[in-house]
Amino acid sequence: MLTPILALALSSPPPPPVDPQTAAIALVQDARLSADVQKLASFGTRHTLSDTASPDRGIGAARDWIKAELEKCAGAETPRLTVAFEEFDAPKSLRLPAGGRIVNVLATLPGSMKEAADRRYYIVAHYDSRNGDPMDAAGDAPGANDNASGTAVVLECARVLSTLGLDSAVVFLLTAGEEQGLIGASYHAAQAAGRGEKIMGVLNNDIVGDPSDPYNATNRFYAVRIFSEGIPRNPSAAALASIRLSASESDSPSRQLARFVESVGAQHENILPNTLLVFRPDRFLRGGDHLAFNDNGFAAVRFTVLREHFDRQHVNVETKDTLPYGDLPRYTDSSYMARIAKLNLATIMNLANAPRPPADVRIVSKDLGNETLLRWTASPEPDVIGYEVLYRPTSETAWPGELVRDAGRATELTLKISKDDHFFGVRAYDRKGYRSPVAFAGTAKE
Ligand SMILES: [Zn+2]
């Protein structure tokens, strides 16, 4: 007869829990998303240097409204969500020639598990806007797709998630100064890094409102591009040498996060948008707030529509040669934004309830041989009941679902396949079946 411990090790890991996310997803309301986009566009402009005194025009009125919407989610009796402005004086820069007061809006939902509450997962969007002239602080800049859509997605996620209890903390961050050079996000990420905060994953929603095809007016793409960096912008010589040795240029924490989002999407087919992973930090000539988090050492990805209309982005609202220009609410699609909100929700629920990825995952490579010995450090979280080793040929870009070996509670595993020809990673799973993102295996002597 098996001893209980051995029996546990031989049982297969629980399947991923899909039902709680299905229930949360059902709470997303298309009508709230379209109403939010209309409201944000109604402030005329949300340019970072626009009016802050008017009650109904400019960035000041917009941020007051965003803060009030988040406060509605906080709960009157025992507020679970804390809402605040994050204000600072930004120094002079190219698109901020006299410097300026920047105000982010921040809401934090604390984690409910003591051992996991230090981990923070972010849903981010910039709420500022611009027109054809990045310095025009007075002219109309409705910024419906860029980026009232992302702001609406963050607000809708806050409405739904603030009613749930998640193991880890979730932060809803609406930034200003993005169009002037990622100023709000850079400040926030640098401050958080300085405080040693454990930001484990950032989902940046920027241009997530208009799924239409620029070449065919009746065609819509219910899909989303997910951009992720491979190699950090300024790696140390030692970090670069390590990336080269293990050939981990496509296995950064941001890439694992992107693959994680894709795997969540696959659990809810026909509800969530199709995911297209793009292995690049961002589109050419453009950037976004996720890069500010990357540059401060945090895993972060960007969600963006599949095809962009450049006659509706960073342009003045006008008619030229009988053609309409402008980033207007009528081009956004509430059912598409709802899908994006649902993808954020399902991903964050998985991330914030799952264990942290195992630490010190390494291939033990002190001897030549045709087998692979992997080791890692046990998770400190009490609900972890095992680990899975994933592997793939070095020429594959995704972790194939079938190349998974259960290690049970052990913190090492030997596979009868060559370490020279495969990439390896390890993830932790808990008793409910939540799986962490994959931690990529480097190499070590023991
Ligand atoms: Zn944008």
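**Close-up views of a predicted model**

**View 1. Helices α3 and α10 are roughly perpendicular to each other.** This view, like those that follow, is taken from a predicted model. The axes of helix α3 (residues 30-41) and α10 lie 8 Å apart and form an angle of about 105°. Because angles of 65 to 115 degrees count as roughly perpendicular, the pair is described in that way. On the α3 side, the residues that take part in the meeting are D30, L33, S34 and V37. Their partners in α10 are S334, S335, M337 and A338.

**View 2. The largest nonpolar core of the model has 73 residues.** Those with the most contacts inside this core are I66, L70, L161, F172, F303 and I348. Helix α10 (residues 334-353) supplies the largest share, namely twelve residues. In general, nonpolar side chains of soluble globular proteins tend to be buried together.

**View 3. I348 is shown with the residues that it touches.** Residues up to four places away in sequence are not counted here. The partners of I348 are Y121, Y122, I123, L161, L166, V170, L203 and N353. Apart from the core to which I348 belongs, there is a second, separate core of 18 residues. Among the members of this second core are L374, Y391, F424 and A428.

View 4. For four tetrahedral donors, the ideal angle at a metal is 109.5 degrees. H126 in strand β3 (residues 119-126) and D146 in helix α5 (residues 144-161) are 20 residues apart, and the pair links distant parts of the chain. H126 has a relative accessibility of 1% and therefore counts as buried. D146 is also buried, since its relative accessible area is 6% and the limit for buried residues is under 20%.

**View 5. R375 is located in strand β14 (residues 372-377).** With a relative accessibility of 24%, R375 counts as partly exposed. When neighbours within four places in sequence are left aside, R375 is in contact with D360, V361, R362, V364, T411, E412 and E446. The C-alpha atoms of R375 and A444 are 9.4 Å apart in space, although 69 residues separate the two in sequence.

Methods
Residues are numbered from 1 along each chain as its sequence is written. This is a predicted model: local features need pLDDT of at least 70, side-chain atom pairs count only at pLDDT 80 or more; totals for chains, interfaces and linings use all residues. Side-chain values use heavy atoms; hydrogens and water are left out. Helices (H or I, at least four residues) and strands (E, at least two) are DSSP runs, numbered from the N terminus. Buried means under 20% relative accessible area, exposed over 50%, partly exposed in between (1.4 Å probe, protein chains only). A nonpolar core is a set of buried Ala, Val, Leu, Ile, Met, Phe, Trp, Tyr and Cys residues joined through side-chain atoms within 4.5 Å. Contact means heavy atoms within 4.5 Å. Axes are lines fitted to C-alpha atoms, for helices over the stretch in contact, and angles run from 0 to 180 degrees between N-to-C directions. Angles under 35 degrees count as roughly parallel, over 145 as roughly antiparallel, 65 to 115 as roughly perpendicular and the rest as oblique.
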